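The sequence and the model are shown first, and the description follows.

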Amino acid sequence: MVTQDLLNKGCEALGKCDEMISKLGLFSSNETKDDISTTNLKYLLVPFYLAELTEKLAEDDRIQVLKTSEAKLKEFISVCEALELVPKEELEASAQGAPNTFADRRALKIARFRRQRAAEAKLTEIKERKERRGRSTRAAALSTPVEVGEEDLLDEDGEEEREAWLTTISLAICKALDLLEMLKKEEEMLSVIKEKQLKEGETEFSRSNLDDRTNKAETWHRDAAARARYTKPAPPITCATFAQDVIEGRATASQAHDHKHQPMIFGPQSLIGGSLTSERERMAAQVFQPSYRMPTMSIEEAGLREMEMMNKWQEKNAKVFEEANSAWYKDGPKMGPSEEDEDDDAAQDRARAWDDWKDDNPRGAGNKKLTPCG
């Protein structure tokens, strides 16, 4: 997380860097982008980064912070314009002044957004290309010694680095123009508010006034909640609802006859100890409900239920194993001597009846008319 101390240190370091650049005179109004060396291109971005960090500072005089940031952005854009780095569309728009119609503003925004997307895509492509070439160079260095042609690779790296810095500056110009418009609008709004406060005789909103408003709002909500207990009857509570409330800790078993259901509310009602005042406030309190279902039991209770189910399952399995290992299950039911004799007689009767039927009906007796010689 970026803190204000870190922002102040960054602004201080960039301020010293900007001062050194101006003392050394790295950039001149007589030069173009082709006259600047690749190693010095990065220093063009110092005013832009300084403006970005300055805009994020949290100070009492916000208007002064905005003016300082705007000055640095204008300085960055003017230097880029002198070096012929600003697109022609932006130069024409600035020469004509702010576009009056909505269509002109929209067209300018779309063109700027497309340039920004193209610059980001180009930077990504350069980064991937550099990584691929680095991997191939390392692999070639491991397999073969360095031969003639290393100077060409160095020249190619220098051209690629220059292209990357120019693309970064183009992307920064698009962001600087958008940020400059936003800061101007914010400055206008703050100026109007300050004028209004001066007219009304209020220089600033004190902390005591805010605390007073907060206390009044909380008092009104508590009074409304207290009145709602007598004006709106409580809904009927079923046994299942009461049991769930006891499990979740919203009620105790001794409150069985005097229980009022209190659902878990995450909206404005969470600041009030009583019930909801009206149906409208009930609906407003349910706006900030979680998107997932709330748990109905704790992890300990779920573990106890699973342990109980496991114990019952083990007891049931133990009974089944005991029955399977018993003598009755292994040996089967034993029949007495009279039952065995009856079974033997019945089997003999069935065998004799089957033999008699086969004697009366020899094999193929019913198919004589179908044989060719029958």
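## Packing of α3 against α4

Helix α3 (residues 46–55) packs against helix α4 (residues 62–82) at an angle of about 165°, and their axes lie 8 Å apart. Axes are lines fitted to C-alpha atoms, for helices over the stretch in contact, and angles run from 0 to 180 degrees between N-to-C directions. Helices (H or I, at least four residues) and strands (E, at least two) are DSSP runs, numbered from the N terminus. The two helices α3 and α4 are therefore roughly antiparallel; angles under 35 degrees count as roughly parallel, over 145 as roughly antiparallel, 65 to 115 as roughly perpendicular and the rest as oblique. The crossing of α3 with α4 is left-handed, a term used if the near helix is turned anticlockwise from the far one by less than a right angle, with right-handed for clockwise.

On the α3 side, the contact is formed by Pro47, Phe48, Leu50, Ala51, Thr54 and Glu55, which meet Arg62, Val65, Thr68, Ser69, Lys72, Leu73, Glu75 and Phe76 of α4; contact means heavy atoms within 4.5 Å. Sorted by class, the contact of α3 with α4 comprises seven nonpolar, three polar and four charged residues. Ala, Val, Leu, Ile, Met, Phe, Trp, Tyr, Cys and Pro count as nonpolar, Asp, Glu, Lys and Arg as charged, and the others, Gly among them, as polar.

## Basis of the model

The model is predicted: local features need pLDDT of at least 70, side-chain atom pairs count only at pLDDT 80 or more, and totals for chains, interfaces and linings use all residues. Residues are numbered from 1 along each chain as its sequence is written, and side-chain values use heavy atoms, with hydrogens and water left out.

## Burial of α3 and the place of Glu55

Helix α3 is largely enclosed by the rest of the structure, because seven of its ten residues are buried. These are Val46, Pro47, Phe48, Leu50, Ala51, Thr54 and Glu55. Buried means under 20% relative accessible area, exposed over 50%, and partly exposed in between (1.4 Å probe, protein chains only).

Glu55 belongs to α3 and, at 16% relative accessibility, counts as buried. Not counting residues up to four places away in sequence, Glu55 touches Arg62, Val65, Ser69, Leu179, Met182 and Leu183.

## Packing of α1 against α3

Helices α1 and α3 pack at an angle of about 155°, with their axes 9 Å apart. They are therefore roughly antiparallel to each other, and their crossing is left-handed. Leu7, Gly10, Cys11, Leu14, Gly15, Cys17, Asp18 and Ile21 of α1 meet Val46, Pro47, Tyr49, Leu50, Leu53 and Thr54 of α3. This contact of α1 with α3 divides into ten nonpolar residues, three polar and one charged.

Gly15 lies in helix α1 (residues 4–24) and is partly exposed, at 27% relative accessibility. Its C-alpha atom is separated by 8.4 Å from that of Pro47, 32 residues apart along the chain.

## Cysteines and the whole chain

Cys11 is buried at 12% relative accessibility, whereas Cys17 is partly exposed, with a relative accessible area of 24%. Zero disulfides (pairs of cysteine sulfur atoms within 2.5 Å) are found in a search of the whole structure.

The chain holds 13 helices and zero strands. Of its 374 residues, 20% are buried. Among contacts in the chain with a separation of 6 or more, 71% join residues 24 or more positions apart.
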